[in-house]
Amino acid sequence: MKTALSCSSDPSQTDSLPFSFGLCLTDNMQENRISRWYFGGISSSVAACLTHPLDLIKVHLQTQQEVRLRMIGMTVNVVRREGVLALYSGLSASLCRQMTYSLARFGIYETVRDQMNRDKKGLMPFYQKVLLGAFGGFVGGFIGTPADLVNVRMQNDIKLPVQLRRNYVHALDGLLRVFKEEGLRSLFSGATLASTRGALVSVGQGGCATILCQPLDVVKTRLMNSKQEYGSVFYCLTETAKLGPKAFYKGLVPAAIRLIPHTVFTYLFLEQLRQRFGVMVVA
């Protein structure tokens, strides 16, 4: 029994394929597009532009010593004092974080997954996907720590009195100033917590992940925003615990609300990038 072939010698019909011309496809073969390694960073950056105000309010709530304002009250307070545009303070650092943290975790996961699927001519087992997602999230969390630190500080700056503000002009200025004024080690303050959170969020990016990761996120934010008052992660953890159990869940509401649209927009833009600009493969 012969397999039917579809052949073309017209270059204009084959420019979008990985071969120039003369390509023959069997009837049971189909063309498909896979993501490029940097698509995750781009799609996450676009999503971050849309959800940044919620992230900023979350940081403001997490850095409160005592719970004085809730989400709505904090939002009104920021807008009243600094204006609507203040809700986008630190956006450059947020984009920098997405182009490090999200780019790394999506790049690692999708590149390795697609390569293994091609090598095995089938889909990866579920447990391998979980392990790969956790590894990608852990590495991405570590790589994205410096940008995350600057992002937290720029977002929280507008809440502080003028004389106490760090006044980073943009993400690059913040990274350079932290390096010059505080040293390389300070750039990676909270890296352990950021990496652990990245692994957990990558494995289960849903409501449960937000609840489980919130204590890590709170301690990470407070550590990154500190001016050397916390000597270690453990000390920051114990000092936060003194405020009561609820202190570990500050900012949970905006964090949970932000997660849904951020995830939806990320995968929506990722799918569009894949379909329109992805690498063409024949399977």
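Residues are numbered from 1 along each chain as its sequence is written, and side-chain values use heavy atoms, with hydrogens and water left out.

The mean pLDDT (the predictor's confidence in each residue, from 0 to 100) of the protein chain is 87, and 88% of its residues reach 70 or more. Over residues 1-25, pLDDT stays under 50, and the model has 30 contacts (heavy atoms within 4.5 Å) for this segment beyond four places in sequence. Where pLDDT is low, the predicted coordinates should not be read in detail.

The secondary structure comes to 11 helices and 4 strands, taken as DSSP runs numbered from the N terminus (helices: H or I, at least four residues; strands: E, at least two). Of the 283 residues, 44% count as buried; buried means under 20% relative accessible area, exposed over 50%, and partly exposed in between (1.4 Å probe, protein chains only). Among contacts between residues at least 6 apart in sequence, 73% join residues at least 24 apart.

A nonpolar core is a set of buried Ala, Val, Leu, Ile, Met, Phe, Trp, Tyr and Cys residues joined through side-chain atoms within 4.5 Å. The largest has 11 residues, including Val 59, Leu 149, Val 152, Tyr 168 and Met 224. Helices α5 (145-157) and α6 (171-182) each supply at least two residues of this core, and the largest share, 4 residues, comes from α5. A second, separate core of 9 residues includes Ile 57, Met 74, Ala 86 and Ile 158. Beyond four places in sequence, Val 59 touches Val 152, Gln 155, Asn 156 and Thr 221.

The model contains 14 salt bridges, each defined as a side-chain nitrogen of Lys or Arg within 4 Å of a carboxyl oxygen of Asp or Glu. Asp 148 pairs with Arg 97, the closest N and O atoms being 3.5 Å apart. This pair links distant parts of the chain, with Arg 97 in helix α3 and Asp 148 in helix α5, 51 residues apart; both Arg 97 and Asp 148 are buried. Asp 148 also forms a salt bridge with Lys 220, with the closest N and O atoms 2.9 Å apart. Lys 220 lies in helix α9 (residues 207-225) and Asp 148 in helix α5, so the pair ties together parts that are 72 residues apart in sequence. Arg 97, Asp 148 and Lys 220 belong to a network of salt bridges that also links Asp 55, Lys 58, Arg 197, Asp 217 and Arg 258.

Helix α3 (residues 91-120) also holds Gln 98, which is buried because its relative accessible area is 2%. Among the residues that Gln 98 touches beyond four places in sequence are Gly 41, Ser 44, Arg 258 and His 262.

Trp 37, Tyr 38, Ile 42, Val 46, Leu 50 and Met 99 form a nonpolar patch with about 530 Å² of accessible area together. Patches are made of residues with over 30% relative accessible area and no salt bridge, like charges being joined within 9 Å and nonpolar side chains (Val, Leu, Ile, Met, Phe, Trp, Tyr) within 5 Å. Helix α1 (residues 39-62) gives the largest share of the nonpolar patch, 3 residues.

Terms used
This is a predicted model: local features need pLDDT of at least 70, side-chain atom pairs count only at pLDDT 80 or more; totals for chains, interfaces and linings use all residues. Accessible areas come from the Shrake-Rupley method with a 1.4 Å probe; for residues, only the protein chains shown count as cover.
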